Amino acid sequence: MKIVDIRATTVAVPLEAPLRHSNGAHWGRFVRTIVEVEADNGLVGLGEMGGGGESAEAAFRALLPYLTGHDPFQLEALRFKIANPTASLYNNRTQLLAAVEFACLDLVGQHLGVPVHDLLGGRVRDEVAFASYLFFRYAAEGHEEIRTPDQLVEQARELKRDHGFTVHKLKGGVFPPGYELECYRALAAAFPEDRLRYDPNAVLSMAEGLRFGRAIEDLNNDYLEDPVFGLEGLRQVREQVRVPLATNTVVVNFEQLASNVLRRSADVILLDTTFWGGIRPCVKAAGVCETFQLGVAVHSSGELGIQLATMLHLGAVLPNLGYAADAHYHQLRDDVIEGGKLPYVNGAIAVPSGPGLGVRLDRDKVARYAELYREMGGYPYDRDPGRPGWYAQVPNERFADPDISAEVRT
């Protein structure tokens, strides 16, 4: 089996509402590049990549000369063809490699008639649990803003009722830390039996990170995720706060993982199939974490159904997956895969059992959302449409005003 073509299509799939985060916003839609890798036997493998609201079509087209004639089974050679660790310093290709790896695993699975999790050692669970992933957001058609503690609790209540979540993650760093602490404690009071996690994406100062961490020590926390930036910053918080620390920002490769093993800064590593360059590197990293007793969770970087499938196959094969996974998925209005969005049942999603990734494209929806992308274009992930001229600093001092209800057009 040899690769004969690579096709890339950028889509814009609507979110329920624009989601605010510490470094900007998701402007009411996810812009994703869908990758199709065709083999000489007629099979087509699927991949997916984000990119901060921008298209990556041109970058994938540029890979065709590298990969024409490549055997999808040769995944180690694929890694060096695309992301040679020295050469790719000049053209960061890790996320491109991830999308192509997804597609090659999909091809191999289809060719052999087995699901991807069988290629990774076999599944140890049939479903993967997820957290609710709560955002502050702007209002949109059919969906009210989320800005106050009461609005946040009501959103969590609706998601718990509709999807069965028993773990709630608050994406913070938008409003002043004291206000977000009030919101977080409101969640804890509303759901005393459920577990919590807080993630301000590393924009708190050391003083604020310590203050926030100490103020939640009495709650039912899974972990405090990236309260401050950097391994040394996390280490200082970890030494002074009795809450496990997690990261998805400063342990995203094996060198950083080794540093964290030698000088413990984070207790839980959030593995992202895109950030790490594919599913297989995440499996390898999870093995290192198992050896050194680091916790493991699955990170979300804003997925449609293809990348969600990679997260499910990853979660299926990790014996040391001790935490519910993250997913933006329930924030989407639609998906581009056949059958529509994969359903949550009791807070979990079943691992696909079909050959390869187990999902296929709905061509009509791909065409519809490709046209929507052509109409609307991309957006700057690191800007907030409700705060013209603002940009985040690390640590940040210019938080949004929680008393102001803003409306935006995206």
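This is a predicted model: local features need pLDDT of at least 70, side-chain atom pairs count only at pLDDT 80 or more; totals for chains, interfaces and linings use all residues.
Two strands are taken to pair if DSSP finds at least two bridges between them. Strand S1 and strand S4 (residues 29–39) are joined by 11 bridges and run antiparallel. Within this pairing, Asp-5 sits opposite Glu-38 of S4.

The pairing belongs to an open sheet of 3 strands, ordered S1-S4-S5 and antiparallel. S1 (3–14) and S5 (44–49) are the edge strands; each has a single partner strand, so one side of each has no neighbour in the sheet. On average, neighbouring strands here are turned by 20 degrees against each other, if direction is ignored. As a reminder, strands of a sheet pair through backbone hydrogen bonds, in either a parallel or an antiparallel way.

Now for the helices that meet this sheet. Helix H4 (residues 94–112) lies across S1, S4 and S5, and runs at about 155 degrees to S5. Helix H12 (residues 305–317) also packs on the sheet, where it touches S4 and S5. The direction of H12 makes about 95 degrees with that of S5.

Elsewhere in the chain, helix H10 (residues 254–262) and helix H11 (residues 279–291) make a pair of their own. Two packed helices are described by the angle between their axes and by the distance between those axes. For H10 and H11, the axes come within 11 Å and cross at roughly 10 degrees. Angles under 35 degrees count as roughly parallel, and H10 and H11 are therefore roughly parallel to each other. On the H10 side, the contact is made by Phe-254, Leu-257 and Val-261. H11 answers with Pro-281, Lys-284, Ala-285, Val-288 and Cys-289.

Zooming out, the protein has 13 helices and 14 strands. Its radius of gyration is 20 Å, close to the 22 Å given by the globule rule for 410 residues, so the protein is as compact as a globular protein of that length. Taken along the principal axes, the C-alpha atoms fill a box of roughly 60 × 50 × 40 Å.

Of the 410 residues, 57% count as buried. Among contacts with a separation of 6 or more, 75% come from residues 24 or more positions apart. As for the surface, the protein exposes about 16,000 Å², and carbon and sulfur atoms supply 49% of that area.

How values were computed
Residues are numbered from 1 along each chain as its sequence is written. Side-chain values use heavy atoms; hydrogens and water are left out. Helices (H or I, at least four residues) and strands (E, at least two) are DSSP runs, numbered from the N terminus. Axes are lines fitted to C-alpha atoms, for helices over the stretch in contact, and angles run from 0 to 180 degrees between N-to-C directions. Contact means heavy atoms within 4.5 Å. The radius of gyration is taken over C-alpha atoms; the globule rule is 2.2 Å times the number of residues to the power 0.38. Buried means under 20% relative accessible area, exposed over 50%, partly exposed in between (1.4 Å probe, protein chains only). Accessible areas come from the Shrake-Rupley method with a 1.4 Å probe; for residues, only the protein chains shown count as cover. Angles under 35 degrees count as roughly parallel, over 145 as roughly antiparallel, 65 to 115 as roughly perpendicular and the rest as oblique.
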